[in-house]
Amino acid sequence: MPAIQLKDRDLAGRLFFGIGLIDLIILMTMMYCTERIYWFSGISFEQARQAGSQQEKNYALRILKRFMYLLGIFLIYAFIGHIWHFHILFDMVIIIFAMIITCFSIFKIQL
């Protein structure tokens, strides 16, 4: 028997997407704290090694902020979607599209 039983599948889906975004933020925070920015696309290990510690942290922080903004926007959307009973497929399209836009937007960030 599962630990939590949700009878509303739309709420369960919103929780699933929210937890996924929180996991991404945890990953980005780990990269910020450990200064492992070469895990991001477009940065090689050599470029990361040549950059100073403060430059690496600033780069990782800019990326972390974008995902935090995405989480904030999603939480507002999820609250409104739950009140207005949006369908889970609509939520899926919105969150996937927003994640794709956020991921492509980090390519413009320079070290």
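Exposed, in this notebook, means over 50% relative accessible area, and buried means under 20%. I am working from a predicted model.

**Entry 1: salt bridges**

I started with arginine 49. Its relative accessible area is 57%, so arginine 49 is exposed. I then looked up its partner. Arginine 49 forms a salt bridge with glutamate 46, and the closest N and O atoms are 2.9 Å apart. Glutamate 46 comes out at 38%, which makes it partly exposed. Both residues belong to helix H2, three residues apart, or about one turn of the helix.

How many salt bridges does the count come to? I get two. The other one joins arginine 14 to aspartate 91, with closest N and O atoms 2.9 Å apart. Arginine 14 sits in helix H1 and aspartate 91 in helix H4, so this pair ties together parts 77 residues apart in sequence. Are these two residues buried or exposed? Arginine 14 is buried at 6% relative accessible area. Aspartate 91 is buried as well, at 0%.

**Entry 2: helix H4**

Next I listed its buried residues: Ile88, Asp91, Ile95, Thr102 and Ser105. Down the helix axis they fall within an arc of 120 degrees, so they line one face of H4. What do they pack against? I find helix H1 (9–34) and helix H3 (53–84). The face turned away from the buried side carries exposed Leu89, Val93, Phe97 and Phe104.

**Entry 3: helix H3**

The buried residues of H3 include Glu56, Tyr59, Ala60, Phe67, Phe74 and Tyr77. The buried set packs against H1, H2 and H4. Just after H3, I noted that histidine 85 takes a positive phi of about 60 degrees.

**Entry 4: aromatic rings**

I counted the aromatic pairs and found seven in the structure. I took phenylalanine 74 and tyrosine 77 as my example. Their ring centres are 6.4 Å apart and their planes make 40 degrees, so the pair is tilted. Planes under 30 degrees apart would count as stacked, and over 60 as edge-to-face. These two residues are three apart in helix H3, about one helical turn. Phenylalanine 74 and tyrosine 77 are both buried. I also traced one aromatic cluster, formed by Phe74, Tyr77, Trp84, Phe86 and Phe90.

The charged end of lysine 57 sits over the ring of tyrosine 32, at 4.5 Å from the ring centre.

**Entry 5: isoleucine 37**

Last, I looked at a loop residue. Isoleucine 37 lies in the loop between H1 and helix H2 (45–50). Why does isoleucine 37 count as buried? Its relative accessibility is 0%, and the cut-off for buried is under 20%. I then listed its contacts, leaving aside neighbours within four places in sequence. They are Ile43, Ala48, Glu56, Tyr59, Ala60 and Leu111. Leucine 111 is 74 residues from isoleucine 37 along the chain, and the C-alpha atoms of the two are separated by 9.5 Å. Glu56, Tyr59 and Ala60 are among the buried residues of H3.

How values were computed
Residues numbered from 1 in each chain as written. Predicted model: local features only at pLDDT ≥ 70, side-chain atom pairs only at ≥ 80, totals over all residues. Heavy atoms only, no water. Buried < 20%, exposed > 50% of the residue type's maximum accessible area, 1.4 Å probe, protein only. Helix = DSSP H or I, 4+ residues; strand = E, 2+ residues; numbered from the N terminus. Arc of directions from axis to C-beta. Contact = heavy atoms within 4.5 Å. Phe/Tyr/Trp six-rings, centres within 6.5 Å; stacked < 30°, edge-to-face > 60°. Lys NZ or Arg CZ within 6 Å of the ring centre and 35° of its normal. Salt bridge = Lys/Arg side-chain N within 4 Å of Asp/Glu carboxyl O.
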